[in-house]
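Here's a quick briefing to read with the model open next to you.

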Amino acid sequence: NSGGGGGGDDFFAAVDQKTFTGFYSEQVRLEKEGKVVTLIPMQHVASAEFYDKVLEETRKDEHYIVLIEGLMDNDEMRQHEKNLCTKVAVDPGTRSKMQQTIADSSHYDENEERDLFEATFVPYEEGKELGLMHMELYWKPRLILETPLKVLNSDVNLDKVLAIEDPDERKFYVVHGRTDHCGKVLRELLTEDSSIYSSDAKSIAVCWGHIHCELLLDDLVSRGWTVTAKGPQRQYGWSEAFFNHVADAWKASDYSFDTILNQLRREEEKIPATPAASA
């Protein structure tokens, strides 16, 4: 079941499996010396049911941190998201505004949603015919609303990707480089001198893409972690035809990131503004 070759070849081999990656994902729990990591493979576009089931998992008390994927435009945007999470936790006005935004779907602009689909090479019309949603618009706001103090973005800033000019090297970094960065953040959080380290066998949940989770799993096992549980499996809500559309689009792409960059800049304006600083 493993793909041959290196770099991008491994990536495309994983896409072509049509099992772990194409139609469903499987949660994996690992343990080492009383520490716990739970890998929760995500999909950028999936059914609301898929995301709701992930939310059922992340709201469990056993997960004290939830590491999420998501390229950041810059450090200011990263700090803005941290501030938003804090405000949602402590400020009723911010929390109420986000609840209302989710309830009336006022953040669902069709052009923005189309950009989000296409930024990850997912066909928009076909996806909407299946009733699929984008995680940035459906899952992430709900995650922040439900568990704001657990959320921690463990992705890189976009400039690290844009600085790589060669398309093949860029694709390799998007998969492997970003995964390595997440793994580094995870290891730092698990050190006992980390400000948020938990010593009572609670879990750090990692909600990253399925291919990233496969690589993280291999890395953790190589570092002495033991898989202690697998499951549940969660269906994405994809059809085989839709899967084939996505796989073909990935293979044909040059990963220019223009769409992602434009979307990120609009995202800054879309996120509910935090109230003026108050004591």
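This is a predicted model: local features need pLDDT of at least 70, side-chain atom pairs count only at pLDDT 80 or more; totals for chains, interfaces and linings use all residues.

In what follows, two pieces are in contact when heavy atoms come within 4.5 Å of each other.

**The big picture**

- The protein has twelve helices and eight strands.
- There are 279 residues in the protein, and 50% of them count as buried.
- Take the contacts between residues at least 6 apart in sequence: 81% of these join residues at least 24 apart.

**The sheet**

- Six strands make up an open sheet with mixed pairing, and the order is β6-β4-β7-β2-β1-β8.
- β6 and β8 (226-235) are the edge strands; each has a single partner strand, so one side of each has no neighbour in the sheet.
- Going from one strand to the next, the twist averages 20°.
- As a reminder, strands of a sheet pair through backbone hydrogen bonds, and the pairing can be parallel or antiparallel.
- β1 (residues 24-32) pairs with β8 in the antiparallel sense, over seven bridges.
- Within that pairing, E26 has Q233 of β8 as its bridge partner, and S25 stands opposite R234 in β8.
- β1 also pairs with β2 in the antiparallel sense, this time over five bridges, and here E31 stands opposite V36 of β2.
- β2 and β7 pair in the parallel sense over four bridges, with A205 in β7 as the bridge partner of T38.

- How many of the five residues of β2 are buried? Five of the five are, so this strand is largely enclosed by the rest of the structure.
- In a regular strand, side chains alternate between the two faces of the sheet.
- From β2, K35, V37 and L39 point one way while V36 and T38 point the other way, and all are buried.

**Helices lying across the strands**

- Helix α2 (residues 48-58) lies across β1, β4 (63-68), β7 (203-207) and β8, and runs at about 145° to β8.
- Helix α9 (residues 167-189) lies across β2 (35-39), β4, β6 and β7, and runs at about 160° to β4.

- For context, most residues other than glycine have a negative phi, and most peptide bonds are trans.
- E33 isn't a glycine, yet its phi is positive, about 50°.
- Where does E33 sit? You'll find E33 in the loop between β1 and β2; the hairpin of these strands has two residues between them.
- Is E33 buried or exposed? E33 is exposed, with a relative accessible area of 70%, and the cut-off for that label is over 50%.
- The peptide bond from G231 to P232 is cis, with omega near 10°, and P232 lies in strand β8.

**The second largest pocket**

- The second largest pocket holds about 200 Å³ of space.
- Its lining is made up of M72, R78, E81, K82, C85, T86, P148, L149, V151, L152 and N153.
- Which elements give two or more residues to this lining? They are α3 (75-90) and β6 (151-153).
- Helix α3 supplies the largest share of the lining, five residues.
- Sorted by class, the lining has six nonpolar, two polar and three charged residues.

- Why does E81 count as buried? Its relative accessibility is 7%, and buried means under 20%.
- Leaving aside neighbours within four places in sequence, E81 is in contact with I68, M72, K140 and N153.

Conventions. Residues are numbered from 1 along each chain as its sequence is written. Side-chain values use heavy atoms; hydrogens and water are left out. On a 1 Å grid over the protein atoms alone, a cavity is a set of points where a 1.4 Å probe fits but cannot get out, and a pocket is an open set with protein on both sides within 12 Å along at least five of seven lines; lining residues have an atom within 4 Å of a point. Grid points are joined across faces, edges and corners, and a volume is the space filled by probe spheres set on the points. Ala, Val, Leu, Ile, Met, Phe, Trp, Tyr, Cys and Pro count as nonpolar, Asp, Glu, Lys and Arg as charged, and the others, Gly among them, as polar. Two strands pair if DSSP finds at least two bridges between them. Axes are lines fitted to C-alpha atoms, for helices over the stretch in contact, and angles run from 0 to 180 degrees between N-to-C directions. Buried means under 20% relative accessible area, exposed over 50%, partly exposed in between (1.4 Å probe, protein chains only).
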